[in-house]
Amino acid sequence: MSTWNYVVTAHKPTNVTHSCVGNFTSPQELNLIVAKCTRIEIHLLTAQGLQPMLDVPIYGRIATLELFRPHGEAQDFLFIATERYKFCVLQWDSETSELITRAMGDVSDRIGRPTDNGQIGIIDPDCRLIGLHLYDGLFKVIPFDNKGQLKEAFNIRLEELQVLDIKFLYGCSKPTIVVLYQDNKDARHVKTYEVALKEKDFVEGPWSQNNLDNGADLLIPVPPPLCGVLIVGEETIVYCSANAFKAIPIRPSITKAYGRVDADGSRYLLGDHAGLLHLLVITHEKEKVTGLKIELLGETSIASTISYLDNAVVFIGSSYGDSQLIKLNLQPDAKGSYVEVLERFVNLGPIVDFCVVDLERQGQGQVVTCSGAYKDGSLRVVRNGIGINEQASVELQGIKGMWSLRSSTDDPFDTFLVVSFISETRILAMNLEDELEETEIEGFNSQVQTLFCHDAVYNQLVQVTSSSVRLVSSTSRELLNEWHAPSGYSVNVATANATQVLLATGGGHLVYLEIGDGTLTEVKHAQLEYEISCLDINPIGENSNYSHLAAVGMWTDISVRIFSLPELNLITKEQLGGEIIPRSVLLCSFEGTSYLLCALGDGHLLNFQVNMSNGELTDRKKVSLGTQPITLRTFSSKNTTHVFASSDRPTVIYSSNKKLLYSNVNLKEVGHMCPFNSAAFPDSLAIAKEGELTIGTIDDIQKLHIRTIPLGEHARRICHQEQSRTFAICCLKNQSSADESEMHFIRLLDDQTLECISTYPLDTFEYGCSILSCSFSDDTNVYYCVGTAYVLPEENEPTKGRILVFIVEDGKLQLIAEKETKGAVYSLNAFNGKLLAAINQKIQLYKWMLREDGSREIQTECGHHGHILALYVKTRGDFIVVGDLMKSISLLIYKHEEGAIEERARDYNANWMSAVEILDDDTYLGAENNFNLFTVRKNSEGATDEERGRLEVIGEYHLGEFVNRFRHGSLVMRLPDSEVGQIQTVIFGTVNGAIGVIASLPHDQYVFLEKLQSNLRKVIKGVGGLSHEQWRSFNNEKRTAEAKNFLDGDLIESFLDLSRGKMEEVSKGMGVSVEELSKRVEELTRLH
Amino acid sequence: MHPNLSDILGAGQKPSFHSSPMGSMLGNLPSFDPHNFSQLRPSDPSNPSKMVPSTYRPTHSRTLPPPDQVRATEAKNILIGNIYQRAEEKLRSKRAATEHLIPEHGCKQTRPSTS
């Protein structure tokens, strides 16, 4: 049953909708405050750049974000209004570093038509009132009293119904607004009104201006001494005040955002729809405006908000691409741009479509999104992985091995980094300036390759080369003792710990040495039947300097063996199977459990549990990490031991709740890794990759990693084809030429490089609407099917489209068949070896027929009418679930015998759908345009036809995000043995760039977590006094209902962020121990 | 009333771009604290910012505002408000008129109820 669902964010929204700058956290500090849909981020401006301070979840979608300074205050307050008509005023308490709510409330009206052009919230520059335009024909005023306290709000009737923008004018003795509006003849005008607070009414303002630019859409109030307002249109910019009027023509463009540069309002940055950044200058003499000038500065992401920060640095917030930190340079660069991008901030929004693929075939899903819009369109590969934060790096080719050594046994830090090459060994050390420089350990042989190095007891170091084992004093660095390989033999592989050395020479000779104070003693020798490929004696028993077990990997019989030490008796032999030799073995211990890891030459990894008393190997498991040989090494991070697997797909192996987990490291190919914990770079790793040596610290485990593939065009649909190892996308390119026509394409991309390898252009006016990789019955080929629509300017709905069937041949898209349709093909599904299409009002089934000449064609089989627009279709067996434009979800069934599709049941609510998914045979998930999620259930046991024909709504939840796509899958490696691995998950992608997971839980777990959620509501407060319960309640124009059968995973998982005291408070309410709660919540975090 | 837009722009006037030297236009950009961004070096454009702020989870009691600062819209309908207001104005003007009449009619008192 998928009735009980858990909704959690895997990737927070990144789409920047608002930003503002002010002294929020202190009078001396300048802050940038950014709104990302349901979150705000507070940043501090520092010498080093923007320093993120806090990410603040808001229980609402942010409609307005404004900083203001009430009279008598030393720092700014933050005003936030949400789309569901709540507002709050926040103040930063620097003593406690907390956000305090100064005021809050509800500004909804029982009647009123919500504005079409979005909500407007503005604050009078003299702080006399807050103005809100939320409903057509009404202007709401929240007055301040003279102490800066908010008074009761009231409405004023606003004659203008089609309002485009409202701003307060500066320098007016009475608060005055300027209104940009459109009349019923579609002409645009501005008008001013004074707000008479006592009379609670408008008084005609000082001026007005009729017949503006038809594209006028934005007002910019100009501060004193100039005052007045700038009216930004598509072809002109006008300055207007009571006594001046200046205008300049501009190149046709739609201005999306502005940012004021100077306090006196003489310069503004304007960002347009194409991402061009202009500087608008008001020229003036003696406080009188003499004219306007506009200059192109350069290109940025398409801005939704622009905030001038400080010292020529500007924040560009974007909804269509990555947000940026840019610098305005006095001199243009080689391309004539004055804009220099200093930093970019990832934004996945809008996620228009995505697919879940397992490109590395390692059981870990990756999400590939169609992100961004227009020129900022891109593909993003999102996957869970671990990042390395590079601290230092040097170019070094041909590294064959690396080891860190201490200068004395009890030194907590490493001093030396031994780097081995094919014919020499170089030693790096931290000098007094904390720089890495080359040094020498005189007792080491640096003329040859080092096979192994280790710290040894009694302030000694051990080096193994192909000819000998050298014991060296770590203090005098002189050679103390040497063991020579028998003549005619050379050492092939070796390993060591503080007191033991194990090495193998050619001919299968295994030699065991023990290290004493200045002595190297050959204790035991054994001859094995085959050559030895790898060794390990990492001590994981009680003695951290001595191992009783040795792990040995073998050529020829492809086995791994466990020997006892010092006897070198064979205890266990495990055949690995296959023909790939083991390249690296490692004994390690995670959370008190001992493991043997054995890495093969083809990137596979086997793991066994080791019984330390008898050396028995149990619980064999195999995973694929990469395709190249793996080298295993342990390292410590945050006092926990992890294993680093170097290969073409470097991976960190760690354990959580006694389970081994594998997480990708976000590096390409890593040859070698060794921990390097020096005083200057504590807790660091030295990593040899692609001709360079890098020292860096490692991120927290389980973090999403995002790779960006800029397209320069807008991708709308994506689909992966396993067989051809390609992606196909539907995309559109806006021609930069004057006619602004757009062209649509189907592009084929290599799934590894994500490079475009083939393109099929669609006809003029033809849009790609859907894409699918599928095969048909009686045909072994795999095809890409594309559904299109001819979007003609004169038609309200497309009346013609096509279904195109492509095959990938020699990396090219070859059109095999096409079929004209009577409308837009909104959705395509593989269905019983046939093709199911949603075409305008109809669901249509096509079969794949072989013609006499051997060619193929699509033939209509049957269909089902009765939708407004069938936009989203999912199928399971013979069932078809349809998400309609405005008629919620319906369930159809395909009847084979009759060759017909019939409606089985429907949800009679009027939900405007944005995505659907099938959770199980009976339960279907929907997302709709009021940002809600809901589930419906088929009622097969209903007593009457009427009951059976009704899909019962069983779950409702306000997500606060617009979902564009659901897909089954997971972002984390789902190991079949884990409990979490049994939980079904659906991934969703939203307009704001959030990626979330919906997990269907067993009932008992749901009940437990529901109780935890209600306990957490009491402990974790809503910022601004906003209620979590209200926020998550289902809400549309008609009704509001408490959330049911959905849980807020973001709230539940925040349990782990609580202080111990608060955890105990929750624990008391639950009657469950903190440890148990942590464990259970911890487990949930592994769903994403 | 301001003149028409087309009059100001004039028929022959062409948009002019890149006319003035940018140096002067971008000069003297405001500075709140000259140290801000002084040590910031442009990062590798392929490497986005990885700085992640910690998530705020308030558990203190001051997330609720003072009781008198929980604000809603006054219940009074605009129309009714207007009617009251007009009635009040009428009353006020009447009263003003009466006050004005006082010196003329001596010390005329309001009539006590006749009933």
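This is a predicted model: local features need pLDDT of at least 70, side-chain atom pairs count only at pLDDT 80 or more; totals for chains, interfaces and linings use all residues.

Biologist: Which residue forms a salt bridge with Asp109(A), and where do the two lie?

Modeller: The partner is Lys140(A), with an N to O distance of 3.0 Å between the side chains. Asp109(A) belongs to the loop between strand E9 (98-106) and strand E10 (120-123) of chain A, while Lys140(A) is in strand E12 (residues 138-143), so the pair ties together parts that are 31 residues apart in sequence.

Biologist: Are Asp109(A) and Lys140(A) buried or exposed?

Modeller: Both Asp109(A) and Lys140(A) are buried. A second case is the salt bridge of Glu766(A) with Arg802(A), at 2.7 Å from N to O. This pair links distant parts of the chain, 36 residues apart: Glu766(A) lies in strand E66 (residues 766-774) and Arg802(A) in strand E68 (residues 801-809) of chain A. Glu766(A) and Arg802(A) are buried as well.

Biologist: Why does Lys167(A) count as buried?

Modeller: The cut-off for buried is under 20% relative accessible area. Lys167(A) has a value of 14%, and is therefore buried. Its salt-bridge partner is Asp165(A), with the closest N and O atoms 3.2 Å apart. Asp165(A) counts as buried because its relative accessibility is 7%.

Biologist: Which residues are linked in a network of salt bridges?

Modeller: Such a network links Glu529(A), Asp557(A), Arg561(A) and Lys573(A).

Biologist: Let us turn to sheets. How do strands of a sheet pair?

Modeller: They pair through backbone hydrogen bonds, in a parallel or an antiparallel manner. In chain A, an open sheet of four strands has the order E34-E35-E36-E37, and its pairing is antiparallel. Strand E34 (401-405) and strand E37 (436-439) each have a single partner strand, so one side of each is left without a neighbour in the sheet. Neighbouring strands are turned against each other by 30° on average, direction ignored. Five bridges pair strand E35 (residues 416-420) with strand E36 (residues 425-430); Val419(A) has Arg426(A) in E36(A) as its bridge partner.

Biologist: What is the order of the strands in the open sheet that includes E42?

Modeller: The order is E42-E43-E44-E45 in chain A, with antiparallel pairing of the four strands. Strand E42 (491-496) and strand E45 (520-527) are the edge strands, and the twist averages 20° from one strand to the next. Six bridges join strand E43 (residues 500-505) to strand E44 (residues 509-515). Within E44(A), Tyr512(A) is the bridge partner of Leu502(A).

Biologist: How many residues has the largest nonpolar core?

Modeller: That core has 64 residues, and Tyr6(A) and Leu78(A) have the most contacts inside it. Helix H2 (residues 1003-1019) of chain A gives the most to this core, with six residues. Apart from it lies another core of 29 residues, including Ile427(A) and Leu513(A).

Biologist: Finally, how is the size of an interface often given?

Modeller: It is often given as the accessible area lost when the parts come together. Between chain B and chain A the buried area is about 7200 Å², of which carbon and sulfur atoms give 58%. The contact takes 65 residues from chain B and 106 residues from chain A. Three salt bridges are counted between the two chains; Lys200(A) and Glu74(B) meet in a salt bridge at 2.7 Å from N to O.

Notes: Residues are numbered from 1 along each chain as its sequence is written. Chains are lettered from A and ligands numbered from 1 in the order in which they are written. Side-chain values use heavy atoms; hydrogens and water are left out. A nonpolar core is a set of buried Ala, Val, Leu, Ile, Met, Phe, Trp, Tyr and Cys residues joined through side-chain atoms within 4.5 Å. Buried means under 20% relative accessible area, exposed over 50%, partly exposed in between (1.4 Å probe, protein chains only). Two strands pair if DSSP finds at least two bridges between them. Axes are lines fitted to C-alpha atoms, for helices over the stretch in contact, and angles run from 0 to 180 degrees between N-to-C directions. Contact means heavy atoms within 4.5 Å. Buried area is the accessible area (1.4 Å probe) that two parts lose on being put together, summed over both. A salt bridge is a side-chain nitrogen of Lys or Arg within 4 Å of a carboxyl oxygen of Asp or Glu.
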